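Here are my notes on this one, as numbered points. Have the structure open while you read, and start with where the chains meet.

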Amino acid sequence: MTLTRHLWVPLMAASALATTMAAAQDTTLTYMMWDPAQLETEQAAIAEFEANHPGVTVEALAMPPADYWPRLSALAAAGDLPDVFAMSSGFVQSWAEAGNLADLSGLITDEQLAQYYDSAASVGVIGDARVAFPQNWVAPVMYYNIDMFDAAGVEHPQRDWTWDDFLAAAQALTVDENDDGTPEQYGMWLYGRYAHIEPWIFRNGGRLLNDDMSAIDPSPEAVNALEFLTSLVNEHGVAPAPADMEGIRQQDVFPLGMAAMWVDGSWNIANVRDVAGDSFEWGIAQVPVGPDATEETARAYAWADMLAIGNNSEQPDLAWEFIQHMVGEGRTASDFLGGKIPAFQAIAESEDWLEADMQPANKDLLLEIGTQPIETGFSRDWSAWRGYAASGSGGMNGELDEVFNGRSELDEAIENFVAYGNDVLSR
Amino acid sequence: MTPAWQRYAPALIFLLPALVGLAVFRLVPILWSFVLSFYDWQIFDQPSFTGLDNYIHILTSPVSGQVLLNTAVFGLIYVPGSIILSLILASVLNNALRSSAFFRSALFVPYITSTVAVTLAWKWIFSTRFGLLNNALAWIGIDAAPAWLADPTYALPAVAIVSIWKDVGFYMILLLAGLQTIDPTYYEAARIDGARVLRRFFRITVPLLSRSLFFVLIIAIVRSTQTFEITYALTEGGPNRSSTTLAYFVYENAFIHFQMGYAAALAYILCFVLGLLTLVNFYFRRRWVHE
């Protein structure tokens, strides 16, 4: 009897262990994201997660954004979302309102949260729920060609620059060598693109949307910013009309040395390095504070690339562990190319990420922006009313380009994009 | 006598897989998208029934109006342009260059080449500062050449020109096949009677080619409403929507803004317009097509 009982106990334990192991071996965590090249860099982190979680297999899948969103949307419609997936700041509100994202609020402690940039982490909070968590964030900055500044004897962009200082520099940096009326070198390059326009609006304390982001209602500060930007092309001639640059990739104008200054996303650091190489020295600066704002009321334009958990995930705790690993200590600085800033502060502040031996020499400026109040500018149906990606010819982008190209007045353009945007938002 | 169902049963069994595939992957989505056109449905959210709202919005919105007008203008350039050019090329190949496989192949190559690849080459040709076209114009003294793809006046015609260039080889082959069925004795008799080239063309070639021309006309009208890849790679519908046609607008709404119900309604309006045009063509067919 005793012997039987002694045998029974280990048998039960072995059976339970076998069951547990079998269950563990069956655990598959699905993960989907929008950048195949980035997924390659993430493979080491995924392998490490699997090694730390015996029996767990991560099924990772990546595709370009043009395929990613339709496919993820179809999976949402089918109620078959991956456990973990990449979520953009632009879509997080719509996806949260549709009830597709699990609430992470109860999963993260304040101590954990303190390890991440607060401004980036705040993007994933919709209403009272934290529905996505940042992996990295990006911010538009002003790129400037140091060689051109030095050749023109112009002081490099300063922290206390006003918009008049910026304009004076742009005028000095616009060079028409053969006096044919078409400068060979422009002081600035911009068009109606969101990353070219909104940084100035937000640094002037302006807003395009009303308080609850339900309607387009440009504030006077925003209109003043638009007037200033369009005057750069139409009045001062320090930036080319977008039509003149047709056929050149917009992100190549600055690195090809055609303009001395350019405001665009920090992710373009990688492209400027690739295209410009060592042909000139360049740096980054923050867009100057506008005349209608102070350092306190001006806001930085920044947003986060995030990870979220599907509302139908059967293993949210494991999914959250995976997110923590993929946004935090599981990553290295080399996983974040160029100007993608890790949301995990320890990596962002590391020497490896700051890359002191590469251009720009002042990459730490991006970290400073991360401590400022930010505006993402996104709302529901943002891509439609703003004019983004394959619909970039329409919406606000298309209307502003008409002004830059001298075919429309700013008042008319504002009236048109407000009417169109509000029609989109009211549908 | 064997009952009809027994006679057709083996054929139906063999056809069944194809019929099931047709029903599941074609007919059901076509019918389902019609149902969807009465819903507001962002694909990742729950659909909500909105009745005729999508259709009313499309027919009253200035943006949709502009898109419909662009589609009509594109068709008015593309359809006659591609038919006239392909007819001229087919006639030249049929007469002067009858044995030239080289020219036939050369003119057909754009049709079978990757659309995006050749469109990128055209994008460079039309480029404002560094484009082949504007540099050629500057070389002959025209310095104030337009920004072809960034000017609302020229962007849509530019898309139409590239579309014509791409498709003309296909229409040419269809018309060439028709031309080669025309009995040469008609031309010989006309020549003896003193008919000149143009008279022979309009009195013999065109009437006897009318069935092929009718087919090409229908195909060209359908294709004129379906232009997408060239628009996507050349102008992305710009500037300021001046080259956005209906098919591109459907794509934008479905796969950029994920407004599936709205996109479905747009697609059914496209389907209705196309069906109407085809019916009109078939009605007038008897007046100019020689059977």
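1. First, the interface. Keep in mind that this is a predicted model. On the chain A side, 31 residues are in contact with 32 residues of chain B. Several helices of chain A each put at least two residues into the side that touches chain B: α3 (65-77), α4 (92-97), α16 (382-386), α17 (395-404) and α18 (410-426). The biggest giver is α3(A), with five residues.

2. Six strands make an open sheet with mixed pairing, in the order β2-β1-β3-β12-β6-β13. Its edges are β2 (57-62) and β13 (341-342) of chain A, each of which pairs on one side only. If you want a parallel pair to look at, take β1 (residues 28-33) and β3 (residues 84-88) of chain A, which are joined over two bridges. Y31(A) has V84(A) in β3(A) as its bridge partner. Helix α2 (residues 36-52) of chain A lies across β1 and β2 of chain A, and runs at about 175° to β2(A).

3. Now the nonpolar core. The largest one has 182 residues, and the members that touch the most others are M188(A) and L307(A). Which helix supplies the largest share of this core? That is helix α7 (residues 152-179) of chain B, with 13 residues. As a general background remark, nonpolar side chains tend to be buried together in soluble globular proteins.

4. L307(A) deserves a click. Leaving out residues up to four places away in sequence, L307(A) touches V84(A), A86(A), M87(A), A132(A), F133(A), Q135(A), I323(A), M326(A) and V327(A).

5. Over to a helix pair in chain B. Two packed helices are described by the angle between their axes and the distance between the axes. For helix α3 (residues 62-94) and helix α10 (residues 210-224) of chain B, the axes come within 9 Å and cross at roughly 145°. The crossing of α3(B) past α10(B) is right-handed. From α3(B), the residues involved are F74(B), G75(B), Y78(B), V79(B), S82(B), I83(B) and S86(B); they meet V216(B), L217(B), A220(B), I221(B) and S224(B) in α10(B). The contact of α3(B) with α10(B) counts eight nonpolar and four polar residues, and no charged ones.

6. Then a loop in chain A with backbone details to check. Between α14 (351-354) and α15 (364-369) of chain A sits P360(A), and the peptide bond joining Q359(A) to P360(A) is cis, with omega about -5°. E355(A) is also in the loop between α14 and α15 of chain A. E355(A) is not a glycine, yet has a positive phi of about 45°. Is E355(A) buried or partly exposed? E355(A) is partly exposed, because 16 other C-beta atoms lie within 10 Å, and 20 or more would be needed to call a residue buried.

7. Last, a loop in chain B. P239(B) lies between α11 (229-234) and α12 (246-256) of chain B, and the peptide bond from G238(B) to P239(B) is cis, with omega near -5°. E236(B) is in the loop between α11 and α12 of chain B. Phi of E236(B) is positive, near 50°, in a residue other than glycine. E236(B) has 22 other C-beta atoms within 10 Å, so E236(B) counts as buried.

Terms used. Residues numbered from 1 in each chain as written. Chains lettered and ligands numbered in written order. Predicted model: local features only at pLDDT ≥ 70, side-chain atom pairs only at ≥ 80, totals over all residues. Pairing = 2+ DSSP bridges. Helix = DSSP H or I, 4+ residues; strand = E, 2+ residues; numbered from the N terminus. Contact = placed C-beta atoms within 7 Å. Axes fitted to C-alpha atoms, helices over the stretch in contact; angles between N-to-C directions. Buried ≥ 20, exposed ≤ 12 C-beta atoms within 10 Å, placed from the backbone. Left-handed = near helix turned anticlockwise from the far one by under 90°. Nonpolar A, V, L, I, M, F, W, Y, C, P; charged D, E, K, R; others polar. Core = buried A, V, L, I, M, F, W, Y, C linked by C-beta atoms within 7 Å.
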